[in-house]
Amino acid sequence: MISTCDESHVGDQNETYLDDYGPFGKVKGMEHLGVCRSVASVISAESTSARISLPGVMDSEGRVDESRLRMHVFKNGGVSPEERGQVWRFLFGMYPCSSTALERPLLLEQMAVRYRLMKGKWQQLLPGAVRVRLNGTDAELLAAVKYFDQRQDREQNRQQFQSDEVRERISFLELQAQVLFERVTFDLEELQEAIRIIDKDVPRTDRDLPYYRNEGLGNLLVLRDILITYAAFHPEVSYAQGMNDLCSRFLEVLDSEVDTYWSFSCYMEKFSKDFCADGLYRKMELEAALLKELDHQLHAHLVTESLDRLTFCHRWLLLGFQREFEHSDALRLFEIFSCDHLELISQQVDRARYQERLARKQSLEDESMKEAHTVNADFTFELFMCATILLEHRAALLSCKNEVQLIQFTSSLQGKLDLNSTLKKAEEHFYDYCKRSSWDYLSGRCRMAKRKEDHFFYHLRNLFS
């Protein structure tokens, strides 16, 4: 929906608390599609009752069928911008898929209270870090502080009009959170170093996006608070460059500070290892192994030129090809990756192979067969996407002789790749890989299947249709 930017309406989204809202037609978080916008809200109350209109995904009480949701996202190449905010809240685990529309308001209250206490804890210990340091040369950042402060004032005014019932419930939730976090301690030196890096990275995060223009500049400071709070309460991960880009993606889509923090935290539970050296090396090893499976000659060339570590692919994988595709396509790709569809496919491939084995009803004595190779579930779909890009630019890579030429090659791809074409080819590569990792059906041994529906390839094709 295109924003009218009526100044009389600014702040209305923050005036409603969880107990006092009625039905909403759209989940908050999509206003950034318009020509201007305001600073993100603290919470998105309407997300607790917003419906997901995808066929068969949400029941009458608001529960989500997670398997259908993930399958829909993959098979349809993502979701519409209007659905994206609400879908991500379930896809990334902010809301349990088993939760109902009646349960989610209390869940959101609890998350909001906990986040506020977590942020307040580091701010109390490091009062000098509450506000970003300004050097006076960035006029837009100065404006961002003004817009951010205005949002803070609106939030404080809103809290003054809470009912006694709401105040009592929040007081109880605060007591619970205080007990939960009272023993949490910080390494202040490490946290201050993380804040120093965050303050360097945040001001240059996605400044070209409409979401961070005009009053939306204040979202840079919302992003800053989220990242510092995450670093403070996850010292084993803290902060690393690249997290700002990932977190910005969540903030843009969810348009809520609390929702973004918890969704980002859930995402990082699974992928924080990618920001550590061991995780980086492991992913590059897997990519090299997959490339060797798909194109032995190209892999051999990279080995010969000592370029087989594929470190130039790390940024692609870490940020989900954020710069290689147009921005809206990069958002679609991110949710496609997050479906874990390849892992689901691998399980279904195993079931299809088992059904085929039953249908054949023959023993190894009747017909000699090659030993089956299982599908490597570590070859995630993002690795196939990366390999597809490499294979599509095979000639350019074969001409690369050193790291400098590789960097020039990767830079030349930014913003120029076609998502739909790349997705289709990546699926084809995975389909071919599944065939090679299974029995040698190409020899015609699958002809004994009695019905088309028992045929292994029939099952496998269905997974991609």
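These legends accompany close-up views of a predicted model.

**View 1. Helices α4 and α7 meet and cross.** Look for helix α4, residues 139-160, and helix α7, residues 219-233: their axes come within 7 Å and cross at roughly 75°. Angles of 65 to 115 degrees count as roughly perpendicular, so that is how α4 lies to α7. On the α4 side, the contact is made by Leu141, Ala144, Val145, Phe148 and Arg151, and on the α7 side by Leu220, Leu221, Val222 and Asp225.

**View 2. Inside the largest nonpolar core.** This core has 84 residues, and those touching the most other members are Val87, Trp88, Leu227, Met243, Val258 and Phe264. Helix α7 gives the most to the core, with 11 residues. Another core, of 42 residues, lies apart from it and includes Ala288, Leu302, Phe325 and Phe384. Now zoom in on Phe264: leaving aside neighbours within four places in sequence, Phe264 is in contact with Leu227, Tyr230, Met243, Leu246, Cys247 and Phe250.

**View 3. Aromatic rings in pairs.** The model holds 27 aromatic pairs. In one of them, Phe92 and Phe250 have ring centres 4.8 Å apart and planes at 75°, so the pair is edge-to-face. Phe92 sits in the loop between α2 and α3, while Phe250 belongs to helix α8, so the pair ties together parts 158 residues apart in sequence. Are these two residues, Phe92 and Phe250, buried or exposed? Both are buried.

How values were computed
Residues are numbered from 1 along each chain as its sequence is written. This is a predicted model: local features need pLDDT of at least 70, side-chain atom pairs count only at pLDDT 80 or more; totals for chains, interfaces and linings use all residues. Side-chain values use heavy atoms; hydrogens and water are left out. Axes are lines fitted to C-alpha atoms, for helices over the stretch in contact, and angles run from 0 to 180 degrees between N-to-C directions. Helices (H or I, at least four residues) and strands (E, at least two) are DSSP runs, numbered from the N terminus. Angles under 35 degrees count as roughly parallel, over 145 as roughly antiparallel, 65 to 115 as roughly perpendicular and the rest as oblique. Contact means heavy atoms within 4.5 Å. A nonpolar core is a set of buried Ala, Val, Leu, Ile, Met, Phe, Trp, Tyr and Cys residues joined through side-chain atoms within 4.5 Å. Buried means under 20% relative accessible area, exposed over 50%, partly exposed in between (1.4 Å probe, protein chains only). Rings of Phe, Tyr and Trp (its six-membered ring) pair if their centres lie within 6.5 Å; planes under 30 degrees apart count as stacked, over 60 as edge-to-face and the rest as tilted.
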